[in-house]
Amino acid sequence: MSESIQLRQFRLMSQYNSLMNDRFYQVVGTLSIEERERDLGVFFRSIHGTLNHILLADRIWMSRFATCTAHKFSSLENAKLIFEFASLRQILYADFDELQSERSITDKSIEQWLQELTPEILATTLHYTNSSGIERSHELWFALTHFFNHQTHHRGQVSALLNRLGRDYGVTDFPIMYDLAQGVV
């Protein structure tokens, strides 16, 4: 399998995603239940609600990746995919430890799935119906760009909330993760 620069970037983004999720969950795990679930005035209300939303959205997108192209991916056959949901605010796991465990499982699935991708598959068209019932089509690479951008956007909200609560989550810059992956740091 050849690896394009674009595919390499997505694989690095999945590693970054896993690293940042692990780091954030470690810090969020030090909060009290009241702090995790307090309505802090963000779209998904609380830190717990925002983390749930990220996992929900990831699994929705993974279900699209698994079924909305002509390709079948062995790494997604046993993944916990979500085809139907009541709301983008739906709480998948009320228990934080279970949410954390499921996040880790999903991150591993994402990384494994990206190992199956090829530059040719990235160029294929993804056809799906979005959460508003609108049919959409675009190349898989475009959907993946949104997928990772969405995660980063909402982790940014969590970082602001953690900062508000006086918790240090460390450096989130992509070059630091890249250096760690290369053994530079």
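**Helix packing around α1 and α4**

Let's start with α1 and α4: they pack at an angle of about 170°, with their axes 9 Å apart. That makes α1 roughly antiparallel to α4, because angles over 145 degrees count as roughly antiparallel, under 35 as roughly parallel, 65 to 115 as roughly perpendicular and the rest as oblique. Axes here are lines fitted to C-alpha atoms, for helices over the stretch in contact, and angles run from 0 to 180 degrees between N-to-C directions. Helices are DSSP runs of H or I with at least four residues, strands are runs of E with at least two, and numbering goes from the N terminus.

Who makes the contact? From α1, L7, F10, R11, S14, Q15, N17, S18, N21, Y25, Q26 and V28. From α4, F96, L99, Q100, R103, D107, I110, E111, L114 and Q115. Contact means heavy atoms within 4.5 Å. By class, α1 with α4 has eight nonpolar, eight polar and four charged residues. Nonpolar is Ala, Val, Leu, Ile, Met, Phe, Trp, Tyr, Cys and Pro; charged is Asp, Glu, Lys and Arg; the others, Gly among them, are polar.

A word on the model. It is predicted, so local features need pLDDT of at least 70 and side-chain atom pairs count only at pLDDT 80 or more, while totals for chains, interfaces and linings use all residues. Residues are numbered from 1 along each chain as its sequence is written, and side-chain values use heavy atoms, with hydrogens and water left out. pLDDT is the predictor's confidence in each residue, from 0 to 100. The chain's mean is 92, and 97% of its residues reach 70 or more. Among the elements, helix α7 (residues 174-182) has the lowest mean, 78. Helix α2 (residues 33-37) has the highest, 98.

Next, α1 against α6. The axes of α1 (residues 5-28) and α6 (residues 140-164) come within 11 Å and cross at roughly 25°. That makes α1 roughly parallel to α6. The crossing is left-handed, meaning the near helix is turned anticlockwise from the far one by less than a right angle; clockwise would be right-handed. By class, this contact has 12 nonpolar, eight polar and one charged residues. Members from α1 include F10, M13, Y16 and F24. On α6, W141, L144, F148 and R155 are among them.

Now R103 itself. Buried means under 20%, exposed over 50%, partly exposed in between, with a 1.4 Å probe and protein chains only. Leaving aside neighbours within four places in sequence, R103 is in contact with N17, N21, Y25, I54, L55, D58 and I110.

Over to α3, where T50 sits. T50 counts as buried, at 0% relative accessibility. Not counting residues up to four places away in sequence, T50 touches V42, F44, H154, Q157 and V158.

Last, R45, in the loop between α2 and α3. Its phi is near 70°, a positive value in a residue other than glycine. R45 is partly exposed, at 43% relative accessible area.
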